[in-house]
Amino acid sequence: MALKFSVLTLFPEMFDMLKTSIIGRAVEKGLIDVSCVNIRDFTKNKHRRVDDYPYGAGGGMVMQAQPIYDAYRSVAGDDRPLVIYMSPQGKVLNQKLARDLSREEHIILLCGHYEGVDERVLEEIVDMEVSIGDYVLTGGELPAMVLIDCVSRMREGVLDSKETFETESHYDGLLEYPQYTRPPEFMGRTVPEVLLGGNHKDIESWRREKKLERTRKKRPDLLKKALLTKADKEYLENFFDKIEKKP
Ligand code: ADE
């Protein structure tokens, strides 16, 4: 069954971008379904306005509850989909959350704009708030696209082989090892000898070592949560002892 995303947005045309590449192909194959609902189509205001001044004054405009609620009702049906509000106040998206979301059947993504959304409609319909990082964007559309891309590629059948995302950065809490392709030499730089040798056991341990080294160098914070074997820990200690304790 397809994983269905229903996006509640004021800018449905932005989501045309998802028609390209791997996600576009997954949509064509029927693995993913993305449909956008224009919140403005649900306004009862003759000027088609969807926002108003905030109670208690303050700058900016606030999106009204009614058009959002009616847009939500138009796609919710009886199956009680998971409703996510894209917001810088939410849980920060990571590979684990994306994996969990890829097992859902129907996800509604609410994209906010202006200074915010009337709190009452959030209380009424939202199950979870998700952020894509600790910075503020002008709206929830780009974050929703990031989430759709990241979640979709973890759905069974979307990538060519399961291995693709299982060896990627973050899957096991570590960064990915370096990759090389032809030619064997570029600007005087050669491909590591072990990769040319075809000994799979050696290649596997070289890759594991590179993952550990890179994570330690680029994102040492990740090591605290990564699942490391005794051998991994020993390797890290030896390797960095050698570099850091050099006179
Ligand atoms: N809307 C505005 N900024 C956002 C962010 N960082 N993540 C999710 N939604 C947002």
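Trainee: What makes the pair Arg99 and Tyr171 a polar contact?

Mentor: This is a predicted model. In it, the side chains of Arg99 and Tyr171 are joined at 3.1 Å. The cut-off for a pair of N or O atoms is within 3.5 Å. The value of 3.1 Å meets that cut-off, so the pair is called a polar contact.

Trainee: Why is Arg99 called buried?

Mentor: Its relative accessibility is 19%. Buried means under 20%. Arg99 therefore counts as buried. Arg99 is placed in helix H3, residues 95-101. Leaving aside residues up to four places away in sequence, Arg99 touches Met154, Phe165 and Tyr171.

Trainee: How do you know whether His106 is buried or exposed?

Mentor: Take the relative accessible area of His106, which is 7%. The limit for buried is under 20%. So His106 is buried. His106 belongs to strand S6, residues 106-111.

Trainee: Which side chains make polar contacts with the side chain of His106?

Mentor: Ser6 does, at 2.8 Å. Asp79 does too, at 3.5 Å. The cut-off reads within 3.5 Å, so the Asp79 pair is counted.

Trainee: What makes Leu147 a buried residue?

Mentor: Its relative accessible area is 0%. Buried needs under 20%, so Leu147 qualifies. Leu147 lies in helix H5, residues 141-152. Beyond four places in sequence, Leu147 touches Phe5, Ile84, Met86, Leu93, Leu101, Leu109 and Val130.

Trainee: How many residues separate Leu147 and Ala65 in sequence?

Mentor: They are 82 residues apart. In space, their C-alpha atoms are 24 Å apart.

Trainee: Now the ligand. Which backbone atoms lie by its nitrogen atoms?

Mentor: A polar backbone atom of Ser87 is 3.1 Å from a ligand nitrogen. For Gly133, a backbone N or O atom lies 3.2 Å from a ligand nitrogen. For Leu137, the distance from a polar backbone atom to a ligand nitrogen is 3.0 Å. On its own, the ligand has 260 Å² of accessible area, and the protein covers 96% of that.

Trainee: Where does the ligand sit?

Mentor: In the second largest pocket. Strand S5 (82-92) and strand S7 (128-131) are the elements that give two or more residues to the shell around the ligand. S5 gives the most, with 3 residues. The residues around the ligand include Met86, Val130, Ile132, Tyr135 and Pro143.

Trainee: Why is Arg48 called partly exposed?

Mentor: Arg48 has 38% relative accessibility. Buried is under 20% and exposed is over 50%. The value falls in between, so Arg48 is partly exposed. Arg48 is in the loop between strand S2 (32-38) and strand S3 (51-52). Its phi is near 60°, a positive value in a residue other than glycine.

Trainee: What makes His170 partly exposed?

Mentor: The value for His170 is 35% relative accessibility. That is between the limits of 20% and 50%, so the label is partly exposed. His170 is in the loop between H6 and S8. Phi of His170 is near 80°, again positive in a residue other than glycine.

Trainee: Which peptide bond is cis, the one from Arg182 to which residue?

Mentor: The bond runs from Arg182 to Pro183, with omega near 5°. Pro183 is in the loop between helix H6 (163-166) and strand S8 (185-186).

Note on methods. Residues numbered from 1 in each chain as written. Predicted model: local features only at pLDDT ≥ 70, side-chain atom pairs only at ≥ 80, totals over all residues. Heavy atoms only, no water. Helix = DSSP H or I, 4+ residues; strand = E, 2+ residues; numbered from the N terminus. Buried < 20%, exposed > 50% of the residue type's maximum accessible area, 1.4 Å probe, protein only. Polar contact = N/O pair within 3.5 Å; in protein donor to acceptor, adjacent residues only side chain to side chain. Near = heavy atom within 4 Å. Areas by Shrake-Rupley, 256 points an atom, 1.4 Å probe, with all protein chains shown as cover. 1 Å grid on protein atoms, 1.4 Å probe; cavity = no way out; pocket = protein on both sides within 12 Å on 5 of 7 lines; lining within 4 Å. Sits in = over half its atoms within 2 Å of the grid points. Contact = heavy atoms within 4.5 Å.
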